[in-house]
Amino acid sequence: MAPDPADKPPHNNGKLSGWPRPRPSIAKRIGLTPIRMGLLIIMALGGVFGGYYIGKEVAPAPKPAPPVAKSTSHHTHTTNSSVYEESLPRDIIIQTGGKLKRIALPEPDAEIDLGNGTPGTQKSANTEKAEQVAGKADEGTEPAVNPDEPKPITSETEATPQPSKSKDEPQTAALPVFHPARALPGNIAELQRLDSSKLPPWQRFARPVSLNGKPEIVIVMDDLGLDRSGARRTIALPGPLTLSFMSYAEDLAKQALEASKAGHELMLHVPMEPGSTAINPGPNVLLSGMPESELLKSIDWNLQQMTGYVGINNHMGSRFTADREGMGTVVRALRQRGYLFLDSVTSSKSVAHETARDGGIPYAVRNVFLDHDDDLERIRAQLRHTEQIARRTGLAIAIGHPRDKTIEALKEWLPTLPEKGFQLVPISAVVRIGKE
């Protein structure tokens, strides 16, 4: 029997229309075709390789300079960080006979041979002679004088007899008495008393000291003003210390007055561009390559933040102090205003001290960093280094920071200097001018 046509499945243009309806594939449901899938794969691979190239090969854009306004938060600055900047140079610059000399710095407890720059553990004849001189100084006898070294300044050698004046004759400022190796007049106390307004700031605000011919040590404390507690503890240390206040710290006038009343000499700590873009040196930083007009604005802003200081030294600045053109602009500004400059030597490529010397302003060079390692024993070792350099050259300049361990080490070490045959002096007492 022939099948009934009604039993045949219905057709619609040759396609089945029965139930259940067949489910379409995932690709069809989301509208993907082979061409679209290929394009998506190509785009994904392009994003991966493009992101890798940008992250690895293209340097990140430098951070913009901080705004002029002072920061209201003082504890965000890493003043207590164990890292001051990049790795600091392991050599020092000393001044002998008016000349600058770079010498390798050995480990803290090693002997320093400042004659040929070769560190060693054996004591040379010069070392033994220096220790004999120091021993005589401890006994209260007059130390021997080396004819090859600059003659030490004393109140007797500096002072020049002044002609007597009648009581009716008006008193005028005496002529400055300069020692050939130093910039500060020997009769600076008299000049300040007679008419300090005629003196440049570095002489007007200098802390007079009576030099006794013993090896001199200068302790400069940087980064002051941000941590009030650390500043107060530093100011309480026996002096005269040289206290360098951050130019962007708050309430500088009050803090500087307290430091001055305690017998310390004041400096301004000016932020300069570091070598690393990951380190923020602070607002109104002096940048290398900056147009001179903009650089002068930043210099002027920094120098106006406080008064009563003798000069500036660089905060960070491993990049900027290697820029001779930028440092030339700084030196000209300091010369115009009458300030001295201390090169903190945060980079072995620093030309700051050479630029200051050639620019004819009073300058000095840091010899030792006390607390690059925030460790009490290492700080004590650096203080011993400072003694070694002072004993062999007649002068050592060390820089520290208002950290707990640094203050602790200085508190126990500073009172021992007289009995060891050293004299603590401020920075103004040791600066030089020019090439002589």
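Asp323 is buried but takes part in no salt bridge, and Arg319, the nearest side chain of opposite charge, is 7.5 Å away. The model described here is predicted. Asp323 is placed in the loop between β8 and α10. With neighbours within four places in sequence left aside, the contacts of Asp323 are Ser288, Gly289 and Val351.

Strand β5 (residues 216-224) runs parallel to β6 and is joined to it by three bridges. Within this pairing, Leu243 of β6 is the bridge partner of Met221. Together with helix α8 (residues 252-261), strands β6 and β7 form a β-α-β unit that is right-handed.

Helix α7 contains Ser229. With a relative accessible area of 37%, Ser229 is partly exposed. Ser229 and Pro402 are 173 residues apart along the chain, yet their C-alpha atoms are separated by 9.0 Å.

Most residues other than glycine have a negative phi, and most peptide bonds are trans. Gly239 and Pro240 are joined by a cis peptide bond, with omega at about 10°. Pro240 belongs to the loop between α7 and β6. Two residues other than glycine with a positive phi are Asp251 and Met316. Asp251 lies in the loop between β6 and α8, whereas Met316 lies in strand β8. Their values are set out below.

| Residue | Phi | Relative accessibility | Class |
|---|---|---|---|
| Asp251 | near 55° | 36% | partly exposed |
| Met316 | near 60° | 3% | buried |

Which class does Met316 fall into at 3% relative accessibility? Met316 counts as buried, because its value is under the 20% limit for that class. Asp251, at 36%, counts as partly exposed, because that class lies between the 20% and 50% limits.

Aromatic pairing is the last topic. How many aromatic pairs are counted? The count comes to one aromatic pair. Tyr309 and Tyr339 form this pair, which is stacked, with 4.6 Å centre to centre and 10° between the planes. The pair links distant parts of the chain, its members being 30 residues apart. Tyr309 is in the loop between α9 (292-303) and β8 (311-316), and Tyr339 is in the loop between α10 (324-337) and β9 (340-343). Both Tyr309 and Tyr339 are buried.

Key
Residues numbered from 1 in each chain as written. Predicted model: local features only at pLDDT ≥ 70, side-chain atom pairs only at ≥ 80, totals over all residues. Heavy atoms only, no water. Pairing = 2+ DSSP bridges. Helix = DSSP H or I, 4+ residues; strand = E, 2+ residues; numbered from the N terminus. Right-handed = clockwise from strand over helix to strand, strands pointing away. Phe/Tyr/Trp six-rings, centres within 6.5 Å; stacked < 30°, edge-to-face > 60°. Buried < 20%, exposed > 50% of the residue type's maximum accessible area, 1.4 Å probe, protein only. Lys, Arg positive; Asp, Glu negative; His and termini not counted. Salt bridge = Lys/Arg side-chain N within 4 Å of Asp/Glu carboxyl O. Contact = heavy atoms within 4.5 Å.
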